[in-house]
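Here are my notes on the model you sent. They run from the whole chain down to single residues.

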Amino acid sequence: MSILIDKNTRLIVQGITGREGRFHTEQMIQYGTNVVAGVTPGKGGLKVYGVPVFNTVKEAVVATGANATVIFVPAKYTKSGIIEAIESEIPNIFTIAEHVPVHDMMQIYHLAREKNVRVVGPNSFGVISPGKSKAGFMAHRMFTPGPVGLMSRSATNCYETVLMLTKAGFGQSTCVGVGGDMIPGSAFCDILPLFEEDPETQVVIMIGEIGGNEEELVAGYLRKNGLKKPIIALIAGKNAPKGRSMGHAGAIVSSDGTGSAESKEKALREAGVIIAETTSHIVGIVEKLINKANKSEV
């Protein structure tokens, strides 16, 4: 199994006729993703790599039975793209653009919950269930099927971790880019329960960073619900100066220390999470956990 996407996913690409949408549609198709439709207003009737293009998401859903969409449009158009997908009752919406206006995401955040729709992103690399399907722009060749679930605010840190895991012989069940903007559609504590219920996932890796309170929310969730599977966390940005955004819009430590790596690590340790210092440290911990689990099953 996996979470969010699998071989049964019927994917729409919003913005399919744009440069990025076109390129990554080809990559997703080559990977085996079932891309059933594209959407670009005014371009209905065209085809991109054999995929039919529609003027609206509603038309695409009615014609193809799509159950997921990935949105390759600029930040200023992301809100309208997500709203159109929500109104078309698509259950899983993955959005890529960085620096989506905060006010736009505030509206989307509440609308998605009201309509019981999951939005992943913005500023996300997407989601991949190795060997099954992908929706996004990740370099899929480094991913391989296996028992490790991974969710990350950072694409680069995720790729480095996945590459080292794959080289060490540990594949991944699903990798989710929650995104690095200030207001994510789905935070870590929204994704974690999905990994907890996935029988294929033995270990969960959470790659966080300074800023915001996503990691502290996970700690609160675990204190309330308990630790169902081993969780490893890496918090990036320990040396970033307070009050200055470092890379992602959401990666900023307040002048009073709120959002610092130290406070996040403390909260997570107290909730039973294993803290990793480096990517290579993550791999070493995964190896010990999985070897221990395999021995106990013998």
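1. Buried residues make up 55% of the 298 residues in the protein chain. Buried means under 20% relative accessible area, exposed over 50%, and partly exposed in between (1.4 Å probe, protein chains only). The accessible surface comes to about 12,800 Å², and carbon and sulfur atoms hold 53% of it. These areas come from the Shrake-Rupley method with a 1.4 Å probe; for residues, only the protein chains shown count as cover.

2. A word on the basis. This is a predicted model: local features need pLDDT of at least 70, side-chain atom pairs count only at pLDDT 80 or more, and totals for chains, interfaces and linings use all residues. Residues are numbered from 1 along each chain as its sequence is written, and side-chain values use heavy atoms, with hydrogens and water left out.

3. The protein chain has 9 helices and 14 strands (DSSP runs, H or I of at least four residues and E of at least two, numbered from the N terminus). Its radius of gyration is 19 Å, close to the 19 Å from the globule rule for 298 residues, so the chain is as compact as a globular protein of that length. The radius is taken over C-alpha atoms, and the rule is 2.2 Å times the number of residues to the power 0.38. The C-alpha trace spans about 55 × 50 × 30 Å along its principal axes.

4. The largest nonpolar core has 42 residues; Val70, Phe94, Met151, Val176 and Leu268 touch the most other members. Elements that each supply at least two residues include β1 (11–14), β5 (68–71), β12 (203–209) and α8 (261–270). Apart from this core lies another, of 26 residues, among them Ile128, Phe143, Ile285 and Val286. A nonpolar core is a set of buried Ala, Val, Leu, Ile, Met, Phe, Trp, Tyr and Cys residues joined through side-chain atoms within 4.5 Å.

5. Look at Leu268. Beyond its neighbours within four places in sequence, Leu268 is in contact (heavy atoms within 4.5 Å) with residues including Met206, Val218, Ala233 and Ile275.

6. His24 sits in helix α1 (residues 19–31). His24 is buried, at 10% relative accessible area. Leaving aside neighbours within four places in sequence, His24 contacts Phe72, Gly136 and Phe137.

7. Glu87 belongs to helix α3 (residues 75–87). Glu87 counts as exposed, with 57% relative accessibility. Glu87 and Lys58 are 29 residues apart along the chain, and their C-alpha atoms are separated by 8.1 Å.
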